[in-house]
Amino acid sequence: MKIAILGVGTVGSGVLEVLEQNASIIAARAGESITPVAALVRDKSKAKENVKHLKVYDDFDELIENDEIDVFVELIGGVDLPYKMIKKLLSKGKAVVTANKALLAYHRSELESLAGEIPFGFEASVAGGIPIIKALREGLAANHINSITGILNGTCNYILTNMMNKGLAFDEVLKTAQELGYAEADPTFDVGGFDAAHKLLILASIAYKLDAKPDDILIEGISDISAEDIYFASEFGYTIKLLAVAKRNENNLELRVHPALLSKDKMIAKVDGVMNAISVVGDQVGESLYYGAGAGSRATASAVISDLIDIARKIKTPMLGYKDKGLDSGLKLLKSDEISSKFYLRLKVRDELGVIAKITNIMSANGVSIDSFLQKPNSNGGDATIYFTTHTCKSAQMKALIDAIRILDFVVGEPFVIRIEK
Ligand code: NAP
Ligand code: HSE
């Protein structure tokens with residue numbers, strides 16, 4: 001089987017390396033060799049050494065006329081350009097493999113219809129090297145999925161782990177994650193929670209046949225997490241993780257991505273560094289847990305090549321897991337404001353008489369009940385940091401509370417909340 005690599009960066013280079021290093025086992029499993037014959041780069045005159053043995057193109061329209069190519073592997077990233085390219089490829093009946101979750105978060109249903117029987121693999125789009133698409137689409141196909149709880153962004157997990165365990169600063173760790181090839185070209189996709197949301201939407205399509213878009217779901221990132229939040233988490237037996245959660249409750253479905261305080265004794269709380277983990281609860285199988293490298297050149301290449309091997313084997317699994325398109329799950333996607341959880345709230349206040357009483361009155365007026373409270377005095381006698389944890393309330397109530405608190409004259413800076421995951 002002959003393939004073309006479109007975009008030879010971190011993942012594209014990994015695919016070339018793994019295809020070469022593991023050529024014989026891959027050929028044995030696929031039933032034929034999988035050979036890269038062409039590459040699409042931005043500028044042919046600047047092509048790197050690792051593509052010099054291939055036919056190198058910098059014009060996509062020229063590349064798709066090469067009839068020798070059986071599968072096109074899109075590893076450029078972004079949304080608009082790969083969308084145009086893949087539409088063109090599918091309309092010409094060409095098989096496609098991609099690792100591009102941003103593209104799929106917006107266009108998966110349309111591409112699924114366009115692909116029809118044409119192979120379209122995207123295992124690498126969620127959780128790097130973990131075969132979670134296969135697990136959900138095939139291994140767990142007999143189950144209603146009650147919940148999916150995942151650490152789906154390697155960059156965020158790498159940053160949070162290093163902030164928690166080594167006391168390193170956010171910007172410093174982000175820089176290392178970029179150097180290691182974990183981060184997206186625009187790292188705000190990672191730290192803003194969008195990349196994890198893209199992945200969650202792909203999983204939710206398979207689990208629930210739901211065609212939601214990023215704008216439809218709750219997305220919060222990790223950029224505002226401070227050393228004070230790390231202090232509170234460490235002191236009180238929590239760790240902080242960026243979680244992606246899909247939870248079904250009767251006919252309601254919540255989809256949310258946000259940093260969360262997690263009790264340190266939970267299994268998923270122990271997932272550190274660039275590793276990802278996904279807990280899936282099926283109504284028949286119960287809980288199953290998937291763990292592995294969520295980003296990086298070789299791990300992601302492993303998933304890309306698994307799709308190539310499936311194509312060579314002529315395995316045809318429905319792209320989003322449903323052969324019968326008529327199923328209506330009857331699930332209603334909850335609006336972000338309707339989602340309930342416990343919260344951690346951090347405030348900086350001037351250390352004055354009656355401050356706590358005023359805040360607790362406002363909390364009570366907004367129906368937010370306090371679970372615990374701590375005040376960390378400032379040794380210089382200046383502002384004090386106060387921390388609350390709350391009982392379960394709706395996001396809308398917490399929003400109203402923050403709006404009421406931020407305008408108080410003794411509140412310094414912006415109040416900050418993190419959800420607490422049970
Ligand atoms: P990357 O290192 O930035 O590689 C992208 C490559 O595409 C670069 O070589 C870039 O060339 C090239 N490119 C950009 N525009 C192009 C164009 N118009 N024509 C031809 N080539 C073009 O990104 P990556 O980390 O490999 O990620 C690739 C895809 O895999 C993304 O969709 C990403 O979300 C996904 N993914 C990445 C990982 C990971 O761990 N990195 C894991 C899972 C999925 P220049 O260098 O000249 O810009
Ligand atoms: N930037 C992504 C991450 C790459 O850090 O998880 C893997 O999808």
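Is Phe236 buried, partly exposed or exposed? Phe236 is partly exposed, with a relative accessible area of 42%. Buried means under 20% relative accessible area, exposed over 50%, and partly exposed in between (1.4 Å probe, protein chains only). Phe232 is buried, at a relative accessible area of 3%.

This is a predicted model, in which local features need pLDDT of at least 70, side-chain atom pairs count only at pLDDT 80 or more, and totals for chains, interfaces and linings use all residues. Residues are numbered from 1 along each chain as its sequence is written, chains are lettered from A and ligands numbered from 1 in the order in which they are written, and side-chain values use heavy atoms, with hydrogens and water left out.

Now the rings. The whole structure holds ten aromatic pairs. Rings of Phe, Tyr and Trp (its six-membered ring) pair if their centres lie within 6.5 Å; planes under 30 degrees apart count as stacked, over 60 as edge-to-face and the rest as tilted. Phe120 and Phe122 are edge-to-face, at 6.3 Å centre to centre and 70 degrees between the planes. Both Phe120 and Phe122 are buried. Why is the pair of Phe232 and Phe236 stacked? Their centres are 4.6 Å apart and their planes meet at 25 degrees, so the pair is stacked. Both belong to one aromatic cluster, together with Tyr231, Tyr238, Tyr344 and Tyr387.

Turn to the strands. Strands (E, at least two residues) and helices (H or I, at least four) are DSSP runs, numbered from the N terminus. Two strands pair if DSSP finds at least two bridges between them. Strand E18 (residues 411-420) runs parallel to strand E10 (residues 252-263), joined by two bridges. Here Leu261 has Ile420 of E18 as its bridge partner. Strand E14 (residues 340-350) pairs with E18 in the antiparallel sense, over seven bridges. Leu345 stands opposite Val417 in E18.

Around it are 13 residues, of which Lys101, Thr155, Tyr182, Glu184 and Asp190 come nearest. A residue counts as near if one of its heavy atoms lies within 4 Å. Helix H7 (154-166) and helix H10 (194-208) each supply at least two residues of this shell. One lies 2.5 Å from a side-chain N or O atom of Lys101. A polar backbone atom of Gly154 is 2.7 Å from an oxygen atom of ligand 2. For a polar side-chain atom of Lys199, the distance to a ligand 2 oxygen atom is 2.8 Å.

Notes
Polar contact = N/O pair within 3.5 Å; in protein donor to acceptor, adjacent residues only side chain to side chain.
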